[in-house]
Amino acid sequence: MKPTLDESQPIFQQIAQMIMDEIVGGELNEEEQIPSENELSRFYNINRATVRKGLQALVDAGIIYKQRGIGMFVESGAKLQLLKERQRHYREQFVLPLLEEAKRIGLSKESVVQLILEEE
């Protein structure tokens, strides 16, 4: 977990994002228990309801699940689900705009690939 939160986005979204980052990065594995609401609220010195809202967003998305009386755990398949979503987002945010600009300035897809390979 990041040691601090910032003002870039709502706190509950930052909590959810940090957990998703840990799943994608392999720090949290499928079927592994995540930190509790109390642990997260104490660590970040934030309201438990804020933490609960972030965790509930992950439950609703099928990333984590609740086991009554025990805690919350990473859902099976969560890492693959997150990777696919991030790849889709990456394509929409970066690849498609890159290709649109390349087309505007007369570069083919092959030329773009060549430019990328030259930079390695």
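This is a predicted model: local features need pLDDT of at least 70, side-chain atom pairs count only at pLDDT 80 or more; totals for chains, interfaces and linings use all residues.
## Overall architecture

The chain contains 5 helices and 2 strands. Read from the N terminus, its elements follow the order α-α-α-β-β-α-α.

The C-alpha trace spans about 60 × 30 × 25 Å along its principal axes. The radius of gyration of the chain is 19 Å, whereas a compact globule of 120 residues would have a value near 14 Å. Of the 120 residues in the chain, 24% are buried. Among contacts with a separation of 6 or more, 51% are made by residues 24 or more positions apart.

In one of its pairs, the side chains of arginine 48 and glutamate 37 meet at 3.1 Å, N to O. This pair links distant parts of the chain, with arginine 48 in helix H3 and glutamate 37 in helix H2, 11 residues apart.

Glutamate 37 also forms a salt bridge with arginine 52, where the closest N and O atoms are 3.2 Å apart. Here too the pair links distant parts of the chain: glutamate 37 belongs to helix H2 and arginine 52 to helix H3, and they are 15 residues apart. Glutamate 37 counts as buried because its relative accessible area, 15%, is under the 20% cut-off. Arginine 48 is partly exposed, at 39%, and arginine 52 is likewise partly exposed, at 36% relative accessibility.

Which residue forms a salt bridge with arginine 88? The partner is glutamate 92, and the closest N and O atoms of the pair are 2.6 Å apart. Both residues lie in helix H4, which covers residues 78-104. Because arginine 88 and glutamate 92 are 4 residues apart in this helix, about one helical turn separates them.

Arginine 88 is partly exposed, with a relative accessibility of 37%. Glutamate 92 is also partly exposed, with a relative accessibility of 39%.

## Glutamine 14 in H1

Helix H1 covers residues 11-25 and includes glutamine 14. Is glutamine 14 buried or exposed? Glutamine 14 is buried, with a relative accessible area of 3%. Its side chain reaches the backbone oxygen of glutamine 9 at 2.7 Å.

## Two loop residues with positive phi

Most residues other than glycine have a negative phi. Glutamate 31 is not a glycine, yet its phi is positive, at about 70°. Glutamate 31 is placed in the loop between H1 and helix H2, the latter covering 37-44. At 39% relative accessibility, glutamate 31 is partly exposed.

Asparagine 45 also has a positive phi, about 55°, although it is not a glycine. Asparagine 45 is located in the loop between H2 and helix H3, the latter covering 48-60. With a relative accessibility of 69%, asparagine 45 counts as exposed, since the cut-off for exposed residues is over 50%.

Valine 112 is part of helix H5. Valine 112 is buried, with a relative accessible area of 7%. Apart from neighbours within four places in sequence, valine 112 is in contact with Leu98, Ala102 and Leu107. Between valine 112 and lysine 79 there are 33 residues of sequence separation, and their C-alpha atoms are 30 Å apart in space.

Helix H5, covering residues 109-118, also holds leucine 115. Leucine 115 is partly exposed, at a relative accessible area of 43%. On the surface, Leu115 forms a nonpolar patch with Ile105 and Leu107, and together these residues have about 250 Å² of accessible area.

Key. Residues are numbered from 1 along each chain as its sequence is written. Side-chain values use heavy atoms; hydrogens and water are left out. Patches are made of residues with over 30% relative accessible area and no salt bridge: like charges are joined within 9 Å, nonpolar side chains (Val, Leu, Ile, Met, Phe, Trp, Tyr) within 5 Å. Accessible areas come from the Shrake-Rupley method with a 1.4 Å probe; for residues, only the protein chains shown count as cover. A salt bridge is a side-chain nitrogen of Lys or Arg within 4 Å of a carboxyl oxygen of Asp or Glu. Buried means under 20% relative accessible area, exposed over 50%, partly exposed in between (1.4 Å probe, protein chains only). The radius of gyration is taken over C-alpha atoms; the globule rule is 2.2 Å times the number of residues to the power 0.38. Contact means heavy atoms within 4.5 Å. A polar contact is a pair of N or O atoms within 3.5 Å; within protein, one must be able to donate a hydrogen and the other to accept it, and residues adjacent in sequence count only if both atoms are side-chain atoms.
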